[in-house]
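Reader: I am new to this structure. Please take a close look at one part for me, the contacts between side chains, and begin with a charged residue.

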Amino acid sequence: GGVMKSVVVVGGGIIGLSCAYYLRQGGCDVIVLDPDGGRVGASYGNAGFIGASHYIPLANPKSMRNALRWMLSPTSPFYIQPRLDDGLIRWGLLFLRHANSAHADRMAKPLSQIGLLSQRLFEEWQATFPKFSYEKDGLIDLYQTEEGLAGAVQEAKRARALGIDAVELSKADIAALEPNVEIQAVGGIHMRSDARTWPPGLMAALLEKLTSMGVPIFEERVTGFHQSGGRITSATCGANNYDADSFVLAGGIWSRALVKSLGIDIPMQAGRGYSLTYPLTQLPLRHSLYLNEVSVALTPMEEDKVRVGGTMEIVPVGTPPRLGRVRGILASARKFLPKAQFPDPTLEDAWFGYRPCSADGIPYIGRHRKFDNLILATGHSMLGLGLGPATGKLVSEIALNQPPCMDVTPFSPNRFS
């Protein structure tokens with residue numbers, strides 16, 4: 001019993017809204033502060049992947065090997081714009097330190113675990129939410145080199161050991177799974193338990209559910225916080241102050257700037273991604289595809305759409321989008337799908353958004369040691385949509401001082417301080 005605990009959630013993307021949902025379910029009095037009312041951002045333009053198969057963090061040996069080769073190319077899948085910026089330099093050094101197989105091996109279990117938990121929760125949402133699409137027909141990981149495929153076959157063994165349904169595919173298997181599209185690949189892996197959704201539809205369902213639960217979403221931009229005695233007392237939005245017992249920081253790429261005034265530095269950079277959405281008739285896919293060697297994702301989605309997305313561009317927010325990048329994604333996709341008729345893109349056709357990239361590719365989920373009523377839920381890199389529900393559930397357990405349903409130590413926001 002006792003008095004209802006009040007919580008302010010800063011950020012209305014998939015992570016903030018998921019936190020609000022579980023906090024409200026746990027009996028808290030919750031409000032969400034988001035300048036766009038939860039209607040824009042990386043939660044909308046992504047590939048809609050749900051599942052545990054993407055358990056290799058962004059900081060891994062492959063990105064390390066490719067980084068230097070790719071860094072000079074304006075169309076490459078991974079690009080860091082060099083600049084003299086303390087935050088970027090610190091992030092870059094930490095990234096270098098973690099881009100090794102020991103880190104990737106250590107994180108395989110926690111990342112696959114949180115992925116499996118999240119997928120289980122998505123399946124609960126299916127039963128209790130306004131309708132949103134959830135197609136559980138697997139993700140096909142494709143390879144064009146024998147070397148790439150051999151590595152993937154080894155990785156699939158580990159995936160199975162982690163509880164992921166991963167099976168090898170021959171060229172013939174791929175053709176049978178995708179009869180309407182010509183695919184150029186030597187083989188692949190079918191992550192059979194993975195699922196996909198239409199992100200705008202999911203976000204609409206979540207916003208509708210929160211409204212029905214009495215969680216208000218205020219179109220307010222947080223400009224700072226008040227603190228006293230090691231606790232945060234309120235979030236400031238221009239002339240308004242929102243007081244609460246606890247504060248959840250789920251501000252995506254803005255999270256780092258939001259807490260700078262509190263003397264907190266979260267090693268994080270904005271990683272821009274692009275996507276294009278076409279009518280499904282243009283590319284009649286049946287499954288999500290991941291073109292591993294070129295880091296391009298393709299997903300058929302409800303409303304007869306197919307989305308093509310990719311790139312990780314570490315650039316300052318506001319850098320003009322690059323058409324070369326969008327063309328690069330389509331050129332990469334054409335290598336695997338030689339018959340695909342993609343019209344020549346313009347920047348108007350392309351969506352782009354910024355993912356919050358932690359320094360080691362692992363989300364920050366947990367209480368900050370400097371303020372015992374500040375909980376971080378950010379830094380999900382490319383995994384945000386898929387990890388939304390699990391992050392929300394873990395945050396609510398942390399806020400309510402309940403034992404979390406999985407070990408959250410690897411996600412500690414204090415790991416670099």
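Author: Arg-90 has a relative accessibility of 30%, so Arg-90 counts as partly exposed. Buried means under 20% relative accessible area, exposed over 50%, and partly exposed in between (1.4 Å probe, protein chains only).

A word on the basis. This is a predicted model, in which local features need pLDDT of at least 70, side-chain atom pairs count only at pLDDT 80 or more, and totals for chains, interfaces and linings use all residues. Residues are numbered from 1 along each chain as its sequence is written, and side-chain values use heavy atoms, with hydrogens and water left out.

Arg-90 forms a salt bridge with Asp-265. The closest N and O atoms are 2.8 Å apart. A salt bridge here is a side-chain nitrogen of Lys or Arg within 4 Å of a carboxyl oxygen of Asp or Glu. Arg-90 lies in helix 4 and Asp-265 in the loop between helix 9 (255–260) and strand 14 (268–279), so the pair ties together parts that are 175 residues apart in sequence. Helices (H or I, at least four residues) and strands (E, at least two) are DSSP runs, numbered from the N terminus. Asp-265 is partly exposed, at 35% relative accessibility.

The structure holds 16 salt bridges. Another joins Arg-192 and Asp-165, at 3.2 Å from N to O. This pair links distant parts of the chain, 27 residues apart. Arg-192 sits in the loop between strand 7 (187–191) and strand 8 (195–196). Asp-165 sits in the loop between helix 6 and strand 6 (166–169). Glu-155 and Arg-158 also meet in a salt bridge, at 2.8 Å. Both lie in helix 6 (residues 146–161), 3 residues apart, about one turn of the helix.

Arg-272 belongs to a network of salt bridges with Glu-313, Arg-322 and Arg-325. Arg-272 also lies over the face of Phe-352, 5.5 Å from the ring centre. For such a contact, NZ of Lys or CZ of Arg is within 6 Å of the ring centre and within 35 degrees of the ring normal. Lys-209 lies over the face of Phe-129 in this way, at 5.9 Å.

Phe-129 leads on to the rings. Ring pairs link Phe-129 into a cluster with Tyr-21, Tyr-22, Phe-122, Trp-125, Phe-132 and Tyr-134. Rings of Phe, Tyr and Trp (its six-membered ring) pair if their centres lie within 6.5 Å; planes under 30 degrees apart count as stacked, over 60 as edge-to-face and the rest as tilted.
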